[in-house]
Amino acid sequence: MLEFFKAGGPTMWPLLLFSIAALAIAGERFWSLQTKRIAPKGLVSQVWQWEQAGQLDARRIQELRRASPLGRILAAGLVNRRHDRAVIKESIEEVGRHVAHELERFIGALGTIATASPLLGLLGTVLGMMKIFAVVSSEGVGDPGLLAGGIAEALITTVTGLFIAIPSLLLYRFFRGRVDDLIITMEQEALKMVEIMLGERERDAMAKGNKS
């Protein structure tokens, strides 16, 4: 493996860094983008139970905000739950944009690695071909060992660049789809909470109007 790495020439070093970075990003995103960490099931039901029991105070909302990204979005709406729908929606959307940006963290870097790795491999190929031409022009074709070194450098960097780029691109697409799914889930949960809260408030208002 070490000989293979050395034969690839200087462009193998940035390719090595790219491979390490891609593995680190993939591991971190697999851990961070779990549904149970982003949008825990039953959170809206829990909020509704607190509301029904009269326990939905500032402390509960703060706990909800710290618990998960979905909790942050719900908390933004709950803080303004006594206002009209437009105010609640605006506060949820504002926090939702921040949450979506955080979910996309490092994914753009993974896409950059997928794009840049083949280019680095191509650069290594060009450098290897230049080495071959330099050997041929100075010593002719009589030294197959020197020619083989240049050919190896040209081929190894190309293969390495593709080997890094292909899984990085697949992971980039996977994580992009994962983030989109999580965002849709959180939007649905936030909408569900708004409908429940506003529906209950409207029913209370109607009940008070009938009494009067």
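I began at E90, which I found in helix α7; helices here are DSSP runs of H or I with at least four residues, strands are E runs of at least two, and both are numbered from the N terminus. The model is a predicted one, in which local features need pLDDT of at least 70, side-chain atom pairs count only at pLDDT 80 or more, and totals for chains, interfaces and linings use all residues. Residues are numbered from 1 along each chain as its sequence is written, and side-chain values use heavy atoms, with hydrogens and water left out.

**Entry 1: the negative patch**

I looked up the surroundings of E90 and noted that E90, E93, E94 and E187 form a negative surface patch. For a patch I take residues with over 30% relative accessible area and no salt bridge, joining like charges within 9 Å and nonpolar side chains (Val, Leu, Ile, Met, Phe, Trp, Tyr) within 5 Å. Asp and Glu count as negative and Lys and Arg as positive, while His and the chain ends are not counted; the place of a charge is NZ of Lys, CZ of Arg, CG of Asp or CD of Glu. Helix α7, spanning residues 85-103, gives the most to this patch, with three residues. E90 itself is exposed, at a relative accessible area of 55%, where exposed means over 50%, buried under 20%, and partly exposed in between (1.4 Å probe, protein chains only).

**Entry 2: the chain as a whole**

I then went over the protein chain and listed nine helices and zero strands. Of its 212 residues, 37% count as buried. The chain exposes about 12700 Å², of which carbon and sulfur atoms supply 64%; accessible areas come from the Shrake-Rupley method with a 1.4 Å probe, and for residues only the protein chains shown count as cover. Among contacts (heavy atoms within 4.5 Å) between residues at least 6 apart in sequence, 77% join residues at least 24 apart.

**Entry 3: salt bridges**

How many salt bridges does the structure hold? I noted nine, a salt bridge being a side-chain nitrogen of Lys or Arg within 4 Å of a carboxyl oxygen of Asp or Glu.

In one of them the side chains of R29 and E28 meet at 2.6 Å, N to O. R29 is buried, at 2% relative accessibility, whereas E28 is partly exposed, with a relative accessible area of 24%.

I next looked up E51 and R82, whose salt bridge has its closest N and O atoms 4.0 Å apart. E51 lies in helix α4 (residues 43-52) and R82 in the loop between α6 (69-79) and α7, so this pair ties together parts that are 31 residues apart in sequence. R82 counts as exposed, at 59% relative accessibility.

For R59 and E63 the closest N and O atoms of the salt bridge are 2.6 Å apart. Both residues belong to helix α5 (residues 58-67), and because they are four residues apart there, about one helical turn separates them. R59 is partly exposed at 49%, and E63 is partly exposed at 31% relative accessibility. I also recorded that salt bridges with shared partners join E28, R29 and R105 into one network.

At F106 I read a phi near 75°, a positive value in a residue other than glycine. Most residues other than glycine have a negative phi. F106 sits in the loop between α7 and α8 (107-139) and is partly exposed, at 39% relative accessibility.

Which residues make the nonpolar surface patch of about 530 Å²? I listed L119, L122, L123, V126, L127 and M130. L127 has its place in helix α8 and is partly exposed, with a relative accessible area of 31%.

R65, in helix α5, counts as partly exposed at 31% relative accessibility. Its C-alpha atom is separated by 5.6 Å from that of A75, 10 residues apart along the chain. Apart from neighbours within four places in sequence, R65 is in contact with G71, R72, A75 and V79.

Is I38 buried or exposed? I38 lies in helix α3 (residues 35-38) and counts as buried, at 5% relative accessibility. I38 and P69 are 31 residues apart in sequence, and their C-alpha atoms are 5.4 Å apart in space. Leaving aside neighbours within four places in sequence, I38 has contacts that include S68, P69, L70, L103, L182 and M186.
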